[in-house]
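I opened this notebook to record what I looked up in the structure. The entries follow the order in which I consulted the elements.

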Amino acid sequence: MPEAENRHFRFLADLSHEVRSPLNAIIGFSELLTDGVFGDLTDEQQAVVRDILAAGNHLLRLISDVLDISKIHADKLDLQLEVLPVAAVAEQALTVARAQAHEKNLTLRNEIPTEFAVWADERRLTQILCNILSNAVRCSPETSEVLLTAQTEGDYVRLSVQDHGCGIAPEDHERIFDDFVALPTPGESTGTGLGLAVSKRLVELMGGTISVNSEKGQGATFSFTLPRRERPE
């Protein structure tokens, strides 16, 4: 790796470390406040603290995505590949997404067969699913459903996340996986524009592909493949 790129990566890594420490403190104290550890808050105070917590988590995700992109471009991202039960990993990601979905009264369903297994990095697979599920929840109308499914395709397992949101125009299907491309969603804040870019590169590093099937106004289904393995007894 050229020295200039190496310096760039080290700078982002150091900056990430320096920003994460105070940011984690802000998030931690905000959570304590919402839990009433320091006493009861008024409804107005609770709303302000929730906004602080949401902003802190949003910034933390952005920092993580920027660092991941820099690691990938610098060929510094290490993967711990192993045989993983897909349904169990998906349930971990759904647990994270349910807090976000609860605010919109959304139903999240995991219909992945328990016998399916893939060759992947558990942390990165969870990250990919969290990124896609977060987008699906953000784009979905209230009281709708987000469905997580999987099917086998030869030597691969294809995982799919389907929502009933505003959809994506065909001309945007490729560019939404580029760095810092975030399509506007009616009534919702715009994302970082890095979640899908990171997810695409992680999927490819683990030997798979990712795509979207969608029309404007008709929801979207994001799908990605990973190498299939036999689940150990």
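This is a predicted model: local features need pLDDT of at least 70, side-chain atom pairs count only at pLDDT 80 or more; totals for chains, interfaces and linings use all residues.

**Entry 1: strand β7 and its partners.** I looked up the pairing of β5 with β7 and found eight bridges between these antiparallel strands; two strands pair if DSSP finds at least two bridges between them. Helices (H or I, at least four residues) and strands (E, at least two) are DSSP runs, numbered from the N terminus. Residues are numbered from 1 along each chain as its sequence is written, and side-chain values use heavy atoms, with hydrogens and water left out.

I then turned to the other partners of β7. β6 runs antiparallel to β7 and is joined to it by five bridges, with Ile-210 opposite Phe-224. β3 is also antiparallel to β7, through two bridges, and Val-118 faces Arg-228 there. Between β6 and β7 the hairpin has five residues, and Gly-217 takes a positive phi near 80 degrees.

**Entry 2: Ser-214.** Is Ser-214 buried or exposed? I found a relative accessible area of 5%, so Ser-214 is buried. This residue belongs to strand β6 (210–214). A polar atom of its side chain lies 2.8 Å from the backbone nitrogen of Ile-168. I also listed contacts (heavy atoms within 4.5 Å): leaving out residues up to four places away in sequence, Ser-214 touches Gly-167, Ile-168, Pro-170, His-173, Gly-219 and Ala-220.

**Entry 3: helix α3.** I checked the length of α3 (86–102): its 17 residues should span 24 Å at 1.5 Å a residue, and its end C-alpha atoms are 24 Å apart, so the two agree. The expected span is 1.5 Å times one less than the number of residues. I noted a kink of about 35 degrees centred on Val-96, the bend being the angle between axes fitted to the seven residues ending there and the seven starting there. Among the buried residues of α3 are Val-86, Ala-90 and Ala-97. What covers the buried residues of α3 includes β1, β2 and α4.

**Entry 4: helix α2.** I recorded 31 residues (43–73) and a reach of 45 Å from first C-alpha to last, close to the 45 Å expected. Asp-75, which follows α2, has a positive phi near 55 degrees.

Note on methods: Buried means under 20% relative accessible area, exposed over 50%, partly exposed in between (1.4 Å probe, protein chains only). A polar contact is a pair of N or O atoms within 3.5 Å; within protein, one must be able to donate a hydrogen and the other to accept it, and residues adjacent in sequence count only if both atoms are side-chain atoms.
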